Amino acid sequence: MKITRVETLWPSSIEPAPFFFVQIYTDEGFVGLGQAPDARRTIPAVEEWARRFLLGQNPLDIESFWTRAYEAAHYHGFAGAEMRAISALDIALWDIAAQVARQPIYQLLGGKVRERIRVYNTCSNYRELNDRILVRQKPLQLVEELLANGITAFKYAVFDHIADPTLGHYGSLDDIAKACEPIRQVYEQYGTAIEVGIEGHGKWDLPMATRIAQYLERFNIMWLEDLMRPDQPEQLARLRARTRLPLAGSERFFTRWQMLPLMQNGGTDIVIADVTWCGGIS
């Protein structure tokens, strides 16, 4: 079996379109589907990796593709568009492998260990649906809708608008309290029935991250995700020692090798990684 064509699909029906799809075609009729974000910068890398490492090759040689593409990307620094491209193509290759085996991908990776898995809602937007606004303006309505659908946790970026003017160096307690008003309403109305994850987008320095973490300890917080950039894991370890809330991170890391020092330094309690940009399923 050989790869005959690689196609990228960027859905124009979504505005803005935060992601795109990749399809890998084979001469035996199998078509693998992958996905990655940041289409404008990533699609050219997908096209390059496909041309250099996939066309004419056996799609089941996933490890060979990953290693060769990563080696090429690493020459000038591997993170960013090149790694997102590897991710999209890797996912599509695993899709083909699962189709050939007539098994779900999780079975190829060793099989399932549970029947169900908990999910949470990321407060974003899609067409006419906008949880990004709803969580701030009508948080109780959002939670009512989530609980009705069996979803018992949600996550959103609470403090970005405070961090941006000072590059994360200052925010008053009053600013923090006002930003947390939706969380307060949810906590008082629903208690432990629903948890809130805090998305920090890596915007804060250590003193401010400490202030925010300690303020949030009064609520039912699921985790604090990337309050600071993960570039210095020892700084996150200092934050870990200053709060009883769990720290989560970091989808900004692109490989297991980047993630390891964060765990070794005690900078995270919960590993968060996105297969569409951290190297795919592999």
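The second largest pocket of this predicted model has a lining of 15 residues, and Gly202, Trp204, Asp205, Met228 and Arg229 lie nearest its centre. Its volume is about 290 Å³. The largest pocket holds about 1500 Å³ of space. An open sheet of six strands is also described below, as is the buried residue Ala209.

**Second largest pocket**
- Two of the residues nearest the pocket centre are Trp204 and Met228. Both Trp204 and Met228 also touch Ala209.

**Ala209**
- Ala209 sits in helix H10, which spans residues 206–216.
- Ala209 has 0% relative accessibility, so it counts as buried; the cut-off for buried is under 20%.
- Leaving aside residues up to four places away in sequence, Ala209 touches Trp204, Leu227, Met228 and Leu239.
- Asp61 is 148 residues from Ala209 along the chain, and 44 Å separates their C-alpha atoms.

**Largest pocket**
- The lining of the largest pocket counts 46 residues.
- Pro18, Thr122, Ser124, Arg132 and Trp277 are the lining residues nearest the centre of the largest pocket.
- By class, this lining has 24 nonpolar, six polar and 16 charged residues.
- Two helices, H1 (39–53) and H5 (131–137), each give at least two residues to the lining.
- Strands E3 (31–37), E5 (125–126), E7 (153–156) and E11 (270–271) likewise each supply at least two.
- Helix H5 provides the largest share of the lining, with four residues.

**Sheet**
- Six strands make up an open sheet, in the order E4-E7-E8-E9-E10-E11. The pairing is parallel.
- The edge strands are E4 (121–122) and E11, and each pairs on one side only.
- Strands of a sheet pair through backbone hydrogen bonds, in either a parallel or an antiparallel way.
- Strand E8 (residues 195–199) runs parallel to strand E9 (residues 221–225), and four bridges join E8 to E9.
- Gly197 has Trp223 of E9 as its bridge partner.

- E7 and E11 belong to the six-stranded sheet. Each of E7 and E11 also supplies at least two residues of the lining of the largest pocket.
- E11 is an edge strand of the sheet.
- Thr122, one of the residues nearest the centre of the largest pocket, falls within the range of edge strand E4 (121–122).

Notes. Residues are numbered from 1 along each chain as its sequence is written. This is a predicted model: local features need pLDDT of at least 70, side-chain atom pairs count only at pLDDT 80 or more; totals for chains, interfaces and linings use all residues. Side-chain values use heavy atoms; hydrogens and water are left out. On a 1 Å grid over the protein atoms alone, a cavity is a set of points where a 1.4 Å probe fits but cannot get out, and a pocket is an open set with protein on both sides within 12 Å along at least five of seven lines; lining residues have an atom within 4 Å of a point. Grid points are joined across faces, edges and corners, and a volume is the space filled by probe spheres set on the points. Ala, Val, Leu, Ile, Met, Phe, Trp, Tyr, Cys and Pro count as nonpolar, Asp, Glu, Lys and Arg as charged, and the others, Gly among them, as polar. Two strands pair if DSSP finds at least two bridges between them. Buried means under 20% relative accessible area, exposed over 50%, partly exposed in between (1.4 Å probe, protein chains only). Contact means heavy atoms within 4.5 Å.
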